[in-house]
Amino acid sequence: MALLTPPLTAQAPASATALTAPRGRVERHRPSWVSVPLRFLLPALIVAAWWLGSATGAISERVIAGPPAVWTAFTELLSTGQLVDFAAASFVRAALGVALGVSVGLVLGLLSGLSALGEELVDSTMQILRAVPFLALVPLFIAWFGIDELYKVLLIAIATVAPMYAYTYLGVRNVDRKMVEAARGFGLTGPRLVLEVVLPSALPGVLMALRVCLSISITGLIAAEQVGTREGVGYLVTLAQEYNRTDYMVLCVVLYALLGLIFDGIVRIVERFAMPWRKQVAIR
């Protein structure tokens with residue numbers, strides 16, 4: 001008589017059936033007294049190496065002035081009031097040019113991203129403009145607008161309009177269509193749909209474009225202030241080159257860097273208030 005044996009059943013390994021409770025993600029916020037010094041650690045090391053090289057003679061004063069000489073030039077210009085006037089003039093030119101270029105690029109990017117007709121009318125022209133280096137337009141702009149303030153503002157605007165258009169166009173095109181259809185189902189159409197759904201969804205790209213435009217505006221500002229200028233950091237660069245003052249040259253580089261930091265700080269503040277949820281989705 002054959003013995004009855006129970007049927008063989010496949011048994012899953014214990015490790016596959018054991019369930020573990022998911023671990024919650026704990027956000028670690030670095031205290032500000034640690035975060036702020038870390039942001040300035042690398043620039044401080046660069047300045048320290050520069051200072052040490054100048055003090056030991058490894059870096060010649062003819063090549064680049066040392067920090068003490070640059071500080072002396074800074075106090076000299078500050079005491080005469082020229083530094084404040086030159087920095088303010090450059091800041092106003094850059095701000096006006098960026099405001100004009102960003103506004104035009106934003107409107108054209110929205111028009112081209114939202115409408116097939118707008119893309120057909122605008123995109124090819126903007127791609128041509130994006131491919132042409134704006135520095136190549138300097139002689140033409142001087143011939144058309146002279147060497148007054150209008151030329152400088154328009155040159156900076158031309159330098160910034162193409163990046164703003166490109167990023168805005170891509171941001172609008174990447175908006176989730178399901179979200180747009182849902183908003184239309186709730187009755188949002190026309191300008192309300194653009195302002196309340198499309199533009200907020202494209203906001204990360206727009207703010208990135210603003211950051212790129214502000215960086216490019218510094219280059220446009222340098223080119224614009226090389227011609228027909230009696231005020232501005234670019235005029236100070238021209239004087240430094242004429243008299244071979246490396247301390248003034250380095251000071252101008254520092255001023256341009258500070259102007260870039262100011263612009264970047266403005267964008268960071270806008271990001272913090274316009275997109276408060278962004279820091280919650282980043283892996284830090």
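Is N244 buried or exposed? N244 counts as exposed because its relative accessibility is 58%, where exposed means over 50% relative accessible area, buried under 20% and partly exposed in between, with a 1.4 Å probe and protein chains only. This is a predicted model, in which local features need pLDDT of at least 70 and side-chain atom pairs count only at pLDDT 80 or more, while totals for chains, interfaces and linings use all residues. Residues are numbered from 1 along each chain as its sequence is written, and side-chain values use heavy atoms, with hydrogens and water left out.

**Overall fold**

- The chain has 14 helices and zero strands; helices (H or I, at least four residues) and strands (E, at least two) are DSSP runs numbered from the N terminus.
- Of the chain's 284 residues, 33% count as buried.
- Among contacts with a separation of 6 or more, 73% join residues 24 or more positions apart, a contact being heavy atoms within 4.5 Å.

**Second largest pocket**

- The second largest pocket has a volume of about 800 Å³.
- A pocket is an open set of points on a 1 Å grid over the protein atoms alone, where a 1.4 Å probe fits and protein lies on both sides within 12 Å along at least five of seven lines.
- Grid points are joined across faces, edges and corners, and the volume is the space filled by probe spheres set on the points.
- The lining of this pocket holds 22 residues, and P43, V254, A257, L258 and L261 lie nearest its centre; lining residues have an atom within 4 Å of a point.
- Two or more lining residues come from each of α3 (41-56), α4 (67-80) and α13 (246-274).
- The most is given by α13, with 12 residues.
- By type, the lining divides into 17 nonpolar, two polar and three charged residues.
- Ala, Val, Leu, Ile, Met, Phe, Trp, Tyr, Cys and Pro count as nonpolar, Asp, Glu, Lys and Arg as charged, and the others, Gly among them, as polar.

**Helix α6**

- Helix α6 (residues 116-131) has 16 residues and reaches 22 Å from its first C-alpha to its last, close to the 22 Å expected at 1.5 Å a residue; the expected span is 1.5 Å times one less than the number of residues.
- A kink of about 35° in α6 is centred on V122, the bend at a residue being the angle between axes fitted to the seven residues ending there and the seven starting there.
- V122 is buried in α6, as are G118, D123 and M126.
- The buried residues of α6 pack against α5 and α8 (149-173).

- S90 is found in α5 (residues 82-114) and counts as buried because its relative accessibility is 1%.
- Not counting residues up to four places away in sequence, S90 touches L221, E225, G232 and V233.
- V153 is in α8 and counts as buried, at 14% relative accessibility.
- With the neighbours up to four places away in sequence left out, V153 touches R93, L96 and G97.
- From C-alpha to C-alpha, V153 and A95 are 8.7 Å apart in space, and they are 58 residues apart in sequence.

**Residues in loops**

- D176 is in the loop between α8 and α9 (177-185) and counts as partly exposed, at 43% relative accessibility.
- N244 is in the loop between α12 (233-243) and α13.
- The phi of N244 is near 55°, a positive value in a residue other than glycine.
- Most residues other than glycine have a negative phi.
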